[in-house]
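Try each task before reading its solution.

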2 protein chains.
Amino acid sequence: MYCYEYPHAAVTTDCVVFGFDGWRLRVLLVERGIEPFKGWHALPGGFVRMEESVDDCARRELREETGLTVEWLRQFHTFGSVGRDPRERVITVAYLGLVKLANVTGGDDAASAAWHAMDELPRLAFDHSEIVAAAVASMRQDIHFHPIGFDLLPREFTLAQLQRLYEAVLGVEFDRRNFDRKILKLGLVTPVDGRLSRGQGGRPAAVYRFDEARYREFKQAGFRLEF
Amino acid sequence: MYCYEYPHAAVTTDCVVFGFDGWRLRVLLVERGIEPFKGWHALPGGFVRMEESVDDCARRELREETGLTVEWLRQFHTFGSVGRDPRERVITVAYLGLVKLANVTGGDDAASAAWHAMDELPRLAFDHSEIVAAAVASMRQDIHFHPIGFDLLPREFTLAQLQRLYEAVLGVEFDRRNFDRKILKLGLVTPVDGRLSRGQGGRPAAVYRFDEARYREFKQAGFRLEF
DNA sequence: AATATTTTGTGTAGAAATTACACAAAACAC
DNA sequence: GTGTTTTGTGTAATTTCTACACAAAATATT
(Lines give C-alpha, C1' and ligand atoms only; values in the text may rest on other atoms or scores of the structure.)
Protein backbone atom coordinates (compact mmCIF):
# COMPACT_ATOMS: atom_id res chain seq x y z
CA MET A 1 0.00 0.00 0.00
CA TYR A 2 1.14 3.51 -0.80
CA CYS A 3 -0.32 6.31 1.27
CA TYR A 4 -0.38 10.07 0.78
CA GLU A 5 -1.59 13.03 2.77
CA TYR A 6 -3.67 14.22 -0.18
CA PRO A 7 -5.56 12.21 -2.77
CA HIS A 8 -3.57 11.48 -5.94
CA ALA A 9 -4.80 10.87 -9.43
CA ALA A 10 -3.32 8.01 -11.42
CA VAL A 11 -1.32 8.98 -14.49
CA THR A 12 -1.27 6.94 -17.68
CA THR A 13 0.02 7.32 -21.20
CA ASP A 14 -1.87 6.45 -24.38
CA CYS A 15 -0.39 6.25 -27.84
CA VAL A 16 -2.04 7.08 -31.12
CA VAL A 17 0.28 5.46 -33.63
CA PHE A 18 -0.36 6.18 -37.29
CA GLY A 19 0.74 4.18 -40.27
CA PHE A 20 0.09 4.71 -43.97
CA ASP A 21 -0.93 1.77 -46.14
CA GLY A 22 -0.42 3.59 -49.41
CA TRP A 23 -3.96 4.82 -49.54
CA ARG A 24 -5.32 5.52 -46.07
CA LEU A 25 -4.07 6.35 -42.62
CA ARG A 26 -4.25 3.54 -40.12
CA VAL A 27 -4.23 3.52 -36.34
CA LEU A 28 -2.86 0.85 -34.07
CA LEU A 29 -5.43 -0.45 -31.59
CA VAL A 30 -5.48 -3.20 -29.00
CA GLU A 31 -8.38 -5.20 -27.65
CA ARG A 32 -8.88 -4.83 -23.94
CA GLY A 33 -8.57 -8.06 -21.98
CA ILE A 34 -9.91 -6.78 -18.69
CA GLU A 35 -12.72 -4.69 -17.32
CA PRO A 36 -13.71 -1.96 -17.72
CA PHE A 37 -14.50 -2.02 -21.43
CA LYS A 38 -13.34 -5.63 -21.70
CA GLY A 39 -13.33 -6.71 -25.35
CA TRP A 40 -13.50 -3.15 -26.64
CA HIS A 41 -10.85 -1.59 -28.79
CA ALA A 42 -8.54 0.90 -27.12
CA LEU A 43 -5.31 2.79 -27.57
CA PRO A 44 -2.23 1.03 -26.29
CA GLY A 45 -1.14 2.56 -23.01
CA GLY A 46 -0.89 2.12 -19.27
CA PHE A 47 0.17 3.46 -15.92
CA VAL A 48 3.29 5.52 -15.38
CA ARG A 49 5.79 3.93 -13.03
CA MET A 50 7.60 5.91 -10.39
CA GLU A 51 11.05 5.29 -11.76
CA GLU A 52 10.37 6.14 -15.42
CA SER A 53 9.67 9.42 -17.16
CA VAL A 54 6.30 9.87 -18.81
CA ASP A 55 7.96 9.68 -22.22
CA ASP A 56 9.61 6.39 -21.30
CA CYS A 57 6.30 5.03 -20.11
CA ALA A 58 4.71 5.68 -23.48
CA ARG A 59 7.45 3.77 -25.28
CA ARG A 60 7.39 0.91 -22.79
CA GLU A 61 3.65 0.42 -22.84
CA LEU A 62 3.62 0.52 -26.60
CA ARG A 63 6.30 -2.13 -26.79
CA GLU A 64 4.65 -4.33 -24.18
CA GLU A 65 1.19 -4.17 -25.68
CA THR A 66 1.97 -4.18 -29.37
CA GLY A 67 5.58 -5.28 -29.76
CA LEU A 68 6.24 -2.06 -31.61
CA THR A 69 9.13 0.37 -31.24
CA VAL A 70 8.46 3.70 -32.92
CA GLU A 71 11.12 6.23 -33.73
CA TRP A 72 8.85 9.22 -34.06
CA LEU A 73 6.82 9.64 -30.89
CA ARG A 74 5.83 12.88 -29.27
CA GLN A 75 3.40 14.01 -26.67
CA PHE A 76 0.49 16.03 -28.02
CA HIS A 77 -2.09 16.54 -25.28
CA THR A 78 -2.99 15.58 -21.75
CA PHE A 79 -6.56 14.56 -21.01
CA GLY A 80 -7.60 15.34 -17.49
CA SER A 81 -11.35 15.66 -17.15
CA VAL A 82 -12.84 14.17 -14.01
CA GLY A 83 -14.94 11.23 -15.12
CA ARG A 84 -12.92 9.75 -17.93
CA ASP A 85 -12.15 6.47 -16.14
CA PRO A 86 -14.81 4.71 -14.06
CA ARG A 87 -12.30 3.11 -11.70
CA GLU A 88 -10.49 6.08 -10.25
CA ARG A 89 -9.33 9.52 -11.26
CA VAL A 90 -6.99 8.95 -14.21
CA ILE A 91 -5.12 11.62 -16.10
CA THR A 92 -3.60 10.46 -19.37
CA VAL A 93 -0.78 11.94 -21.37
CA ALA A 94 -1.44 11.18 -25.02
CA TYR A 95 1.30 10.56 -27.58
CA LEU A 96 1.33 10.71 -31.34
CA GLY A 97 3.50 8.15 -33.09
CA LEU A 98 4.43 7.62 -36.74
CA VAL A 99 5.77 4.42 -38.21
CA LYS A 100 6.66 3.03 -41.61
CA LEU A 101 4.02 0.33 -41.97
CA ALA A 102 6.14 -1.70 -44.36
CA ASN A 103 8.68 -2.29 -41.60
CA VAL A 104 6.26 -3.50 -38.97
CA THR A 105 3.43 -5.53 -40.43
CA GLY A 106 3.97 -8.87 -38.78
CA GLY A 107 6.27 -7.31 -36.21
CA ASP A 108 3.53 -6.78 -33.65
CA ASP A 109 3.70 -9.88 -31.56
CA ALA A 110 0.76 -9.00 -29.37
CA ALA A 111 -2.01 -10.90 -31.08
CA SER A 112 -4.61 -8.37 -30.06
CA ALA A 113 -2.91 -5.40 -31.73
CA ALA A 114 -4.12 -4.46 -35.20
CA TRP A 115 -4.08 -1.61 -37.68
CA HIS A 116 -7.46 -0.01 -38.31
CA ALA A 117 -8.23 2.33 -41.19
CA MET A 118 -8.96 5.81 -39.90
CA ASP A 119 -12.28 5.99 -41.68
CA GLU A 120 -13.53 2.70 -40.29
CA LEU A 121 -12.67 2.88 -36.64
CA PRO A 122 -14.65 0.75 -34.21
CA ARG A 123 -16.13 2.18 -31.02
CA LEU A 124 -13.34 2.85 -28.59
CA ALA A 125 -13.09 2.47 -24.84
CA PHE A 126 -12.99 5.44 -22.45
CA ASP A 127 -12.58 8.77 -24.25
CA HIS A 128 -10.21 7.26 -26.76
CA SER A 129 -12.24 8.39 -29.76
CA GLU A 130 -11.77 11.92 -28.61
CA ILE A 131 -8.06 11.31 -28.20
CA VAL A 132 -7.73 9.95 -31.72
CA ALA A 133 -9.58 12.95 -33.11
CA ALA A 134 -7.23 15.27 -31.27
CA ALA A 135 -4.26 13.34 -32.62
CA VAL A 136 -5.43 13.81 -36.19
CA ALA A 137 -5.87 17.52 -35.61
CA SER A 138 -2.42 17.72 -34.11
CA MET A 139 -0.90 15.85 -37.01
CA ARG A 140 -2.52 18.25 -39.46
CA GLN A 141 -0.82 21.11 -37.69
CA ASP A 142 2.48 19.29 -37.67
CA ILE A 143 2.46 18.56 -41.34
CA HIS A 144 2.83 22.25 -42.11
CA PHE A 145 6.13 22.40 -40.28
CA HIS A 146 7.59 18.93 -40.46
CA PRO A 147 8.07 16.65 -43.42
CA ILE A 148 6.00 13.88 -41.92
CA GLY A 149 6.21 11.69 -44.98
CA PHE A 150 9.73 10.97 -43.84
CA ASP A 151 8.42 8.81 -41.04
CA LEU A 152 5.38 7.26 -42.66
CA LEU A 153 6.68 6.21 -46.07
CA PRO A 154 9.24 3.52 -46.82
CA ARG A 155 12.79 4.73 -47.41
CA GLU A 156 12.22 4.82 -51.13
CA PHE A 157 8.99 6.08 -52.60
CA THR A 158 7.41 7.79 -55.56
CA LEU A 159 6.04 11.29 -55.58
CA ALA A 160 2.58 9.88 -56.17
CA GLN A 161 2.82 8.02 -52.88
CA LEU A 162 3.91 11.14 -51.09
CA GLN A 163 1.09 13.10 -52.63
CA ARG A 164 -1.45 10.50 -51.64
CA LEU A 165 -0.15 10.66 -48.08
CA TYR A 166 -0.61 14.41 -47.94
CA GLU A 167 -4.06 14.07 -49.37
CA ALA A 168 -5.00 11.47 -46.78
CA VAL A 169 -3.72 13.53 -43.88
CA LEU A 170 -5.15 16.84 -44.97
CA GLY A 171 -8.28 15.55 -46.64
CA VAL A 172 -7.80 17.52 -49.83
CA GLU A 173 -6.59 16.86 -53.38
CA PHE A 174 -3.68 18.36 -55.24
CA ASP A 175 -2.76 18.81 -58.85
CA ARG A 176 -0.07 16.26 -59.56
CA ARG A 177 2.18 18.53 -61.57
CA ASN A 178 2.04 21.40 -59.11
CA PHE A 179 2.61 19.08 -56.21
CA ASP A 180 5.68 17.50 -57.78
CA ARG A 181 7.15 20.84 -58.66
CA LYS A 182 6.73 22.15 -55.16
CA ILE A 183 8.24 19.12 -53.51
CA LEU A 184 11.20 19.05 -55.82
CA LYS A 185 11.90 22.73 -55.36
CA LEU A 186 12.15 22.20 -51.62
CA GLY A 187 15.10 19.93 -52.21
CA LEU A 188 14.02 17.57 -49.46
CA VAL A 189 14.01 14.55 -51.72
CA THR A 190 16.71 13.20 -53.98
CA PRO A 191 16.18 10.88 -56.94
CA VAL A 192 17.25 7.27 -56.64
CA ASP A 193 18.02 4.83 -59.43
CA GLY A 194 15.24 2.53 -60.46
CA ARG A 195 11.52 2.80 -60.91
CA LEU A 196 8.60 1.63 -58.89
CA SER A 197 5.48 0.13 -60.34
CA ARG A 198 2.19 0.62 -58.68
CA GLY A 199 0.82 -2.89 -59.06
CA GLN A 200 -2.28 -1.85 -60.93
CA GLY A 201 -0.50 -1.54 -64.22
CA GLY A 202 0.64 1.70 -65.71
CA ARG A 203 4.07 3.15 -66.17
CA PRO A 204 6.38 2.79 -63.15
CA ALA A 205 7.37 6.06 -61.53
CA ALA A 206 10.72 7.54 -60.60
CA VAL A 207 11.88 6.71 -57.09
CA TYR A 208 13.01 9.20 -54.47
CA ARG A 209 14.41 9.18 -50.98
CA PHE A 210 14.28 11.85 -48.29
CA ASP A 211 17.50 13.75 -47.82
CA GLU A 212 18.15 13.45 -44.10
CA ALA A 213 20.83 16.11 -43.92
CA ARG A 214 18.64 18.66 -45.58
CA TYR A 215 15.70 17.62 -43.44
CA ARG A 216 17.65 18.40 -40.28
CA GLU A 217 18.70 21.77 -41.69
CA PHE A 218 15.12 22.68 -42.32
CA LYS A 219 13.94 21.46 -38.96
CA GLN A 220 16.47 23.63 -37.21
CA ALA A 221 15.56 26.73 -39.16
CA GLY A 222 11.88 26.45 -38.32
CA PHE A 223 10.88 25.62 -41.84
CA ARG A 224 7.42 25.51 -43.33
CA LEU A 225 6.04 22.88 -45.64
CA GLU A 226 2.68 23.87 -46.96
CA PHE A 227 0.10 23.28 -49.63
CA MET B 1 -4.50 9.62 4.50
CA TYR B 2 -5.21 8.31 1.03
CA CYS B 3 -3.89 4.89 0.16
CA TYR B 4 -3.43 3.10 -3.16
CA GLU B 5 -2.29 -0.32 -4.23
CA TYR B 6 0.30 1.19 -6.53
CA PRO B 7 2.42 4.32 -6.04
CA HIS B 8 0.93 7.47 -7.55
CA ALA B 9 2.65 10.56 -8.83
CA ALA B 10 1.29 13.95 -7.87
CA VAL B 11 -0.12 16.06 -10.71
CA THR B 12 0.17 19.83 -10.83
CA THR B 13 -0.49 22.59 -13.33
CA ASP B 14 1.82 25.51 -14.09
CA CYS B 15 0.89 28.56 -16.12
CA VAL B 16 3.12 30.59 -18.37
CA VAL B 17 1.12 33.77 -18.84
CA PHE B 18 2.38 36.27 -21.39
CA GLY B 19 1.64 39.96 -21.59
CA PHE B 20 2.92 42.58 -24.03
CA ASP B 21 4.05 45.94 -22.70
CA GLY B 22 4.19 47.60 -26.08
CA TRP B 23 7.78 46.66 -26.65
CA ARG B 24 8.62 43.33 -25.04
CA LEU B 25 6.92 40.16 -23.97
CA ARG B 26 6.47 39.76 -20.25
CA VAL B 27 5.84 36.71 -18.10
CA LEU B 28 3.92 36.52 -14.85
CA LEU B 29 5.95 35.04 -12.01
CA VAL B 30 5.34 34.54 -8.30
CA GLU B 31 7.82 34.36 -5.48
CA ARG B 32 7.78 31.09 -3.59
CA GLY B 33 6.89 31.41 0.08
CA ILE B 34 7.78 27.87 1.11
CA GLU B 35 10.49 25.32 0.61
CA PRO B 36 11.74 23.96 -1.66
CA PHE B 37 13.12 26.95 -3.59
CA LYS B 38 11.73 29.35 -0.99
CA GLY B 39 12.23 32.93 -2.15
CA TRP B 40 12.87 31.89 -5.76
CA HIS B 41 10.72 32.96 -8.65
CA ALA B 42 8.38 30.37 -10.09
CA LEU B 43 5.44 29.92 -12.39
CA PRO B 44 2.04 30.16 -10.73
CA GLY B 45 0.56 26.71 -10.30
CA GLY B 46 -0.32 23.95 -7.89
CA PHE B 47 -1.80 20.54 -7.27
CA VAL B 48 -4.79 19.18 -9.13
CA ARG B 49 -7.76 18.39 -6.91
CA MET B 50 -9.80 15.25 -7.34
CA GLU B 51 -13.02 17.02 -8.16
CA GLU B 52 -11.69 19.43 -10.80
CA SER B 53 -10.46 18.91 -14.32
CA VAL B 54 -6.84 19.69 -15.07
CA ASP B 55 -7.95 22.72 -17.07
CA ASP B 56 -9.98 24.00 -14.15
CA CYS B 57 -7.02 23.54 -11.87
CA ALA B 58 -4.86 25.78 -14.02
CA ARG B 59 -7.43 28.57 -13.92
CA ARG B 60 -8.00 28.20 -10.19
CA GLU B 61 -4.34 28.20 -9.23
CA LEU B 62 -3.70 31.18 -11.42
CA ARG B 63 -6.51 33.11 -9.79
CA GLU B 64 -5.48 32.11 -6.29
CA GLU B 65 -1.83 32.94 -6.71
CA THR B 66 -2.00 36.01 -8.90
CA GLY B 67 -5.58 37.29 -8.79
CA LEU B 68 -5.67 36.99 -12.55
CA THR B 69 -8.38 35.56 -14.77
CA VAL B 70 -7.19 34.93 -18.31
CA GLU B 71 -9.49 34.36 -21.23
CA TRP B 72 -6.97 32.69 -23.47
CA LEU B 73 -5.44 29.71 -21.73
CA ARG B 74 -4.46 26.42 -23.27
CA GLN B 75 -2.39 23.45 -22.37
CA PHE B 76 0.85 23.13 -24.30
CA HIS B 77 2.98 20.39 -22.75
CA THR B 78 3.24 18.01 -19.84
CA PHE B 79 6.55 17.70 -18.04
CA GLY B 80 7.08 14.31 -16.51
CA SER B 81 10.73 13.53 -15.98
CA VAL B 82 11.55 11.71 -12.79
CA GLY B 83 13.59 14.11 -10.69
CA ARG B 84 11.91 17.43 -11.39
CA ASP B 85 10.59 17.94 -7.85
CA PRO B 86 12.74 17.04 -4.84
CA ARG B 87 9.76 16.25 -2.60
CA GLU B 88 7.98 13.52 -4.51
CA ARG B 89 7.28 12.44 -8.03
CA VAL B 90 5.41 15.36 -9.60
CA ILE B 91 4.10 15.52 -13.14
CA THR B 92 3.04 18.97 -14.26
CA VAL B 93 0.71 19.98 -17.05
CA ALA B 94 1.88 23.35 -18.38
CA TYR B 95 -0.45 26.01 -19.74
CA LEU B 96 0.12 28.97 -21.98
CA GLY B 97 -1.93 32.07 -21.22
CA LEU B 98 -2.29 35.39 -22.99
CA VAL B 99 -3.63 38.57 -21.41
CA LYS B 100 -4.04 42.19 -22.33
CA LEU B 101 -1.60 43.82 -19.92
CA ALA B 102 -3.46 47.11 -19.93
CA ASN B 103 -6.46 45.44 -18.31
CA VAL B 104 -4.62 43.77 -15.47
CA THR B 105 -1.78 45.88 -14.17
CA GLY B 106 -2.81 46.51 -10.61
CA GLY B 107 -5.34 43.70 -10.78
CA ASP B 108 -3.01 41.09 -9.39
CA ASP B 109 -3.81 41.14 -5.70
CA ALA B 110 -1.16 38.64 -4.77
CA ALA B 111 1.66 40.92 -3.76
CA SER B 112 4.26 38.43 -4.85
CA ALA B 113 3.08 38.23 -8.47
CA ALA B 114 4.92 40.40 -10.98
CA TRP B 115 5.52 40.75 -14.70
CA HIS B 116 9.05 40.06 -15.84
CA ALA B 117 10.47 40.97 -19.23
CA MET B 118 11.24 37.85 -21.22
CA ASP B 119 14.83 38.89 -21.86
CA GLU B 120 15.59 39.57 -18.19
CA LEU B 121 14.13 36.58 -16.41
CA PRO B 122 15.52 35.70 -12.98
CA ARG B 123 16.57 32.16 -12.13
CA LEU B 124 13.52 30.02 -11.73
CA ALA B 125 12.61 27.21 -9.37
CA PHE B 126 12.36 23.57 -10.45
CA ASP B 127 12.53 23.13 -14.23
CA HIS B 128 10.48 26.25 -14.81
CA SER B 129 13.04 27.87 -17.09
CA GLU B 130 12.68 24.94 -19.38
CA ILE B 131 8.91 25.27 -19.22
CA VAL B 132 9.03 28.95 -20.15
CA ALA B 133 11.33 28.19 -23.07
CA ALA B 134 8.90 25.56 -24.31
CA ALA B 135 6.04 28.02 -23.96
CA VAL B 136 7.80 30.56 -26.16
CA ALA B 137 8.43 27.92 -28.78
CA SER B 138 4.81 26.87 -28.64
CA MET B 139 3.63 30.44 -29.01
CA ARG B 140 5.80 30.91 -32.08
CA GLN B 141 4.05 27.97 -33.66
CA ASP B 142 0.65 29.29 -32.67
CA ILE B 143 1.20 32.68 -34.15
CA HIS B 144 1.22 31.19 -37.63
CA PHE B 145 -2.31 29.92 -37.22
CA HIS B 146 -3.99 32.18 -34.72
CA PRO B 147 -4.17 35.95 -34.62
CA ILE B 148 -2.57 36.16 -31.22
CA GLY B 149 -2.45 39.93 -31.17
CA PHE B 150 -6.16 39.73 -30.47
CA ASP B 151 -5.45 38.57 -26.95
CA LEU B 152 -2.31 40.50 -26.14
CA LEU B 153 -3.10 43.99 -27.38
CA PRO B 154 -5.68 46.40 -25.96
CA ARG B 155 -9.01 46.50 -27.77
CA GLU B 156 -7.85 49.43 -29.86
CA PHE B 157 -4.36 49.59 -31.25
CA THR B 158 -2.24 50.88 -34.07
CA LEU B 159 -0.66 48.76 -36.75
CA ALA B 160 2.76 49.74 -35.44
CA GLN B 161 1.90 48.14 -32.10
CA LEU B 162 0.73 44.98 -33.81
CA GLN B 163 3.88 44.86 -35.87
CA ARG B 164 6.06 45.34 -32.82
CA LEU B 165 4.25 42.46 -31.13
CA TYR B 166 4.92 40.13 -34.03
CA GLU B 167 8.53 41.19 -34.09
CA ALA B 168 8.87 40.54 -30.36
CA VAL B 169 7.33 37.10 -30.57
CA LEU B 170 9.13 35.93 -33.69
CA GLY B 171 12.38 37.77 -33.14
CA VAL B 172 12.51 39.27 -36.62
CA GLU B 173 11.81 42.62 -38.27
CA PHE B 174 9.32 43.53 -40.95
CA ASP B 175 8.99 46.29 -43.49
CA ARG B 176 6.29 48.58 -42.18
CA ARG B 177 4.51 49.11 -45.48
CA ASN B 178 4.44 45.47 -46.44
CA PHE B 179 3.30 44.47 -42.99
CA ASP B 180 0.43 46.95 -43.01
CA ARG B 181 -0.71 45.88 -46.42
CA LYS B 182 -0.74 42.23 -45.48
CA ILE B 183 -2.66 42.77 -42.28
CA LEU B 184 -5.24 44.97 -43.94
CA LYS B 185 -5.77 42.54 -46.78
CA LEU B 186 -6.60 39.82 -44.28
CA GLY B 187 -9.56 41.87 -43.17
CA LEU B 188 -9.07 40.90 -39.56
CA VAL B 189 -8.90 44.48 -38.36
CA THR B 190 -11.31 47.33 -38.91
CA PRO B 191 -10.46 51.00 -38.58
CA VAL B 192 -11.81 52.94 -35.64
CA ASP B 193 -12.28 56.69 -35.29
CA GLY B 194 -9.52 58.56 -33.58
CA ARG B 195 -5.77 58.46 -33.54
CA LEU B 196 -3.26 57.22 -31.05
CA SER B 197 -0.04 58.96 -30.24
CA ARG B 198 3.00 57.04 -29.29
CA GLY B 199 4.19 59.20 -26.41
CA GLN B 200 7.59 59.89 -27.90
CA GLY B 201 6.33 62.57 -30.22
CA GLY B 202 5.60 62.01 -33.85
CA ARG B 203 2.40 61.84 -35.76
CA PRO B 204 -0.36 59.84 -34.09
CA ALA B 205 -1.39 56.73 -36.00
CA ALA B 206 -4.74 55.45 -37.15
CA VAL B 207 -6.48 53.16 -34.68
CA TYR B 208 -7.83 49.69 -35.39
CA ARG B 209 -9.75 46.99 -33.64
CA PHE B 210 -9.89 43.25 -34.29
CA ASP B 211 -13.01 42.05 -36.04
CA GLU B 212 -14.24 39.25 -33.78
CA ALA B 213 -16.73 37.80 -36.23
CA ARG B 214 -14.11 37.52 -38.93
CA TYR B 215 -11.62 36.12 -36.44
CA ARG B 216 -13.96 33.28 -35.57
CA GLU B 217 -14.54 32.55 -39.25
CA PHE B 218 -10.83 32.26 -39.83
CA LYS B 219 -10.26 30.15 -36.77
CA GLN B 220 -12.88 27.66 -37.91
CA ALA B 221 -11.45 27.36 -41.39
CA GLY B 222 -7.99 26.51 -40.11
CA PHE B 223 -6.54 29.74 -41.32
CA ARG B 224 -2.91 30.72 -41.60
CA LEU B 225 -1.41 34.01 -40.60
CA GLU B 226 2.19 34.20 -41.71
CA PHE B 227 5.11 36.43 -42.48
C1' DA C 1 0.95 -10.74 -80.29
C1' DA C 2 -2.17 -7.19 -80.33
C1' DT C 3 -5.05 -4.20 -77.77
C1' DA C 4 -6.84 -1.80 -73.91
C1' DT C 5 -5.87 0.29 -69.62
C1' DT C 6 -3.40 2.72 -66.37
C1' DT C 7 -0.02 5.82 -64.88
C1' DT C 8 3.85 8.81 -65.65
C1' DG C 9 6.12 12.87 -67.62
C1' DT C 10 6.14 17.36 -69.30
C1' DG C 11 5.19 23.19 -70.19
C1' DT C 12 3.04 27.50 -70.23
C1' DA C 13 0.39 31.58 -69.76
C1' DG C 14 -2.31 34.46 -66.67
C1' DA C 15 -3.08 35.84 -62.03
C1' DA C 16 -1.68 36.76 -57.55
C1' DA C 17 1.56 37.59 -54.08
C1' DT C 18 6.02 39.14 -52.46
C1' DT C 19 9.77 42.06 -52.03
C1' DA C 20 12.51 46.17 -51.97
C1' DC C 21 12.58 50.79 -51.57
C1' DA C 22 12.10 56.89 -50.49
C1' DC C 23 9.99 61.08 -49.48
C1' DA C 24 6.49 64.31 -47.94
C1' DA C 25 3.26 65.60 -44.29
C1' DA C 26 1.54 65.51 -39.60
C1' DA C 27 2.09 66.04 -34.80
C1' DC C 28 4.64 66.75 -30.81
C1' DA C 29 8.82 68.33 -27.75
C1' DC C 30 11.51 71.80 -26.69
C1' DG D 1 9.13 78.14 -34.71
C1' DT D 2 12.44 74.73 -35.20
C1' DG D 3 13.84 70.12 -34.90
C1' DT D 4 12.53 65.46 -34.22
C1' DT D 5 9.80 61.61 -34.59
C1' DT D 6 6.40 58.92 -36.69
C1' DT D 7 2.87 58.15 -40.04
C1' DG D 8 1.12 57.66 -44.77
C1' DT D 9 1.58 56.45 -49.37
C1' DG D 10 2.96 53.74 -54.59
C1' DT D 11 5.32 51.14 -57.88
C1' DA D 12 8.15 48.15 -60.51
C1' DA D 13 10.60 43.77 -60.64
C1' DT D 14 10.48 39.22 -59.10
C1' DT D 15 8.61 35.23 -57.63
C1' DT D 16 5.04 32.16 -56.72
C1' DC D 17 0.63 30.12 -57.62
C1' DT D 18 -2.90 28.17 -60.32
C1' DA D 19 -5.22 25.85 -63.92
C1' DC D 20 -4.97 22.89 -67.46
C1' DA D 21 -4.09 18.53 -71.80
C1' DC D 22 -1.74 15.25 -74.35
C1' DA D 23 1.83 11.96 -75.62
C1' DA D 24 4.70 8.08 -74.10
C1' DA D 25 5.76 4.17 -71.16
C1' DA D 26 4.61 0.07 -69.02
C1' DT D 27 1.48 -3.38 -67.57
C1' DA D 28 -2.94 -6.25 -67.87
C1' DT D 29 -6.10 -8.55 -70.72
C1' DT D 30 -7.62 -11.21 -74.40
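## Exercise 1: Cysteines

Over all chains, the count comes to 1 disulfide, by the rule that a disulfide is a pair of cysteine sulfur atoms within 2.5 Å. The model is predicted, so local features need pLDDT of at least 70 and side-chain atom pairs count only at pLDDT 80 or more, while totals for chains, interfaces and linings use all residues. Residues are numbered from 1 along each chain as its sequence is written, chains are lettered from A and ligands numbered from 1 in the order in which they are written, and side-chain values use heavy atoms, with hydrogens and water left out.

**Task.** Find which cysteines form the disulfide, and work out its handedness.

**Solution.** 

1. Start with the sulfur atoms: those of A:C3 and B:C3 are 2.1 Å apart, and these two residues form the disulfide.
2. Next, look along the S-S bond of A:C3 and B:C3: the torsion is about 110°, so the disulfide is right-handed.
3. Now place both ends. A:C3 lies in strand 1 (residues 2-4) of chain A and B:C3 in strand 1 (residues 2-4) of chain B, so the pair joins two chains. Strands here are DSSP runs of E with at least two residues, helices are runs of H or I with at least four, and both are numbered from the N terminus.
4. The classes are buried under 20% relative accessible area, exposed over 50% and partly exposed in between (1.4 Å probe, protein chains only).
5. B:C15 is in no disulfide, and the nearest cysteine sulfur, that of B:C57, is 8.0 Å away. B:C15 is buried, at 1% relative accessible area. B:C57 is likewise in no disulfide, with the sulfur of B:C15 as its nearest at 8.0 Å, and B:C57 counts as buried at 0%.

## Exercise 2: Where the chains meet

**Task.** Describe the interface of chain B and chain A: how many residues are in contact, and how much area is buried?

**Solution.** 

1. Count the residues: 34 of chain B are in contact with 34 of chain A, where contact means heavy atoms within 4.5 Å.
2. Take the area. The size of an interface is often given as the accessible area lost when the parts come together. Chain B and chain A bury about 3,100 Å² between them, 59% of it on carbon and sulfur atoms; buried area is the accessible area (1.4 Å probe) that two parts lose on being put together, summed over both.
3. Look for salt bridges (a side-chain nitrogen of Lys or Arg within 4 Å of a carboxyl oxygen of Asp or Glu). Between chain B and chain A the count is 0.
4. Look for polar contacts. The rule finds 19 residue pairs across this interface, both residues at pLDDT 80 or more. A polar contact is a pair of N or O atoms within 3.5 Å; within protein, one must be able to donate a hydrogen and the other to accept it, and residues adjacent in sequence count only if both atoms are side-chain atoms.
5. Name the elements of chain B that give two or more residues to the side touching chain A: strand 1, strand 2 (10-20), strand 6 (72-79) and strand 7 (90-98).

## Exercise 3: Domains of chain A

**Task.** Work out how domain 1 and domain 2 of chain A meet.

**Solution.** 

1. The contact takes 7 residues from domain 1 and 7 residues from domain 2.
2. These domains bury about 880 Å² between them, 71% of it on carbon and sulfur atoms.
3. Across their interface the rule finds 0 salt bridges and 2 residue pairs in polar contact, both at pLDDT 80 or more.

## Exercise 4: One arginine

**Task.** Is B:R60 buried or exposed, and which residues does B:R60 touch?

**Solution.** 

1. Locate B:R60 in helix 1 (residues 54-66) of chain B.
2. B:R60 has a relative accessible area of 7% and is buried.
3. Not counting residues up to four places away in sequence, B:R60 touches B:F47, B:R49 and B:E52.
4. The side chain of B:R60 reaches the backbone oxygen of B:F47 at 3.1 Å.
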